[in-house]
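Please look through the sequence and the model below.

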Amino acid sequence: ETFFEKVNGTYRTCVATAMESSLLDLVDGKLELRRRFGGHVYSVADVGHVGKPDPALFVYAAKKLETAPANCVVIEDYPNGIEAARRAGMKCIALTTTYHRDLLTGATQIVDSFEQIRLD
């Protein structure tokens, strides 16, 4: 069982990405994100193209999931995304797949892989 299978069975989940819609459609075609996340895939297009570190996208996603921002955990690989989660009042787990951990300060946890994430 993968991390996502465990999480999807226990928590409300979504994808909230800064990707433009056309690129997101390509990624979705390969990874079936909308199917895997029950249609809960949101992009900057949903919030008037307001990008991170503005928290608008994460606040929008929480509202769509009918969850208070304080009860949300963001998994993020980008410093501006960590800041957006903080501004939204959400916990954030930083993933070191794109940036070195020294640039991912401000996260609740910093991990090198999904398997290292601890939600307890």
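## Helix α5 and its cover

In helix α5, which spans residues 79-88, the residues G81, I82, A84, A85 and A88 are buried, where buried means under 20% relative accessible area, exposed over 50% and partly exposed in between, with a 1.4 Å probe and protein chains only. Because the buried residues of α5 fall within an arc of 160° when seen down its axis, they line one face of the helix; the arc is that of the directions from the helix axis to the C-beta atoms. An α-helix has 3.6 residues a turn, so residues three or four places apart point the same way.

The cover over the buried residues of α5 includes α4 (56-64), β3 (73-76) and β4 (91-95). Just after α5, G89 takes a positive phi of about 80°.

## Basis of the model

This is a predicted model, in which local features need pLDDT of at least 70 and side-chain atom pairs count only at pLDDT 80 or more, while totals for chains, interfaces and linings use all residues. Residues are numbered from 1 along each chain as its sequence is written, and side-chain values use heavy atoms, with hydrogens and water left out.

## Two residues in their surroundings

S43 belongs to strand β2 (residues 41-43), and it counts as buried because its relative accessibility is 4%. Not counting residues up to four places away in sequence, S43 touches T17, M19, S21, L24 and L57, a contact being heavy atoms within 4.5 Å.

F4 lies in helix α1 (residues 3-10) and, at 34% relative accessibility, counts as partly exposed. Leaving aside neighbours within four places in sequence, F4 is in contact with F37 and F114. F4 and F37 are 33 residues apart in sequence, and their C-alpha atoms are 9.5 Å apart in space.

## The chain as a whole

The protein chain has 5 helices and 5 strands, in the order α-β-α-α-β-α-β-α-β-β along the sequence; helices (H or I, at least four residues) and strands (E, at least two) are DSSP runs, numbered from the N terminus. Of its 120 residues, 33% count as buried, and among contacts between residues at least 6 apart in sequence, 43% join residues at least 24 apart.

The C-alpha trace spans about 35 × 30 × 25 Å along its principal axes. The radius of gyration of the chain is 14 Å, which agrees with the value near 14 Å for a compact globule with 120 residues; this radius is taken over C-alpha atoms, and the globule rule is 2.2 Å times the number of residues to the power 0.38.
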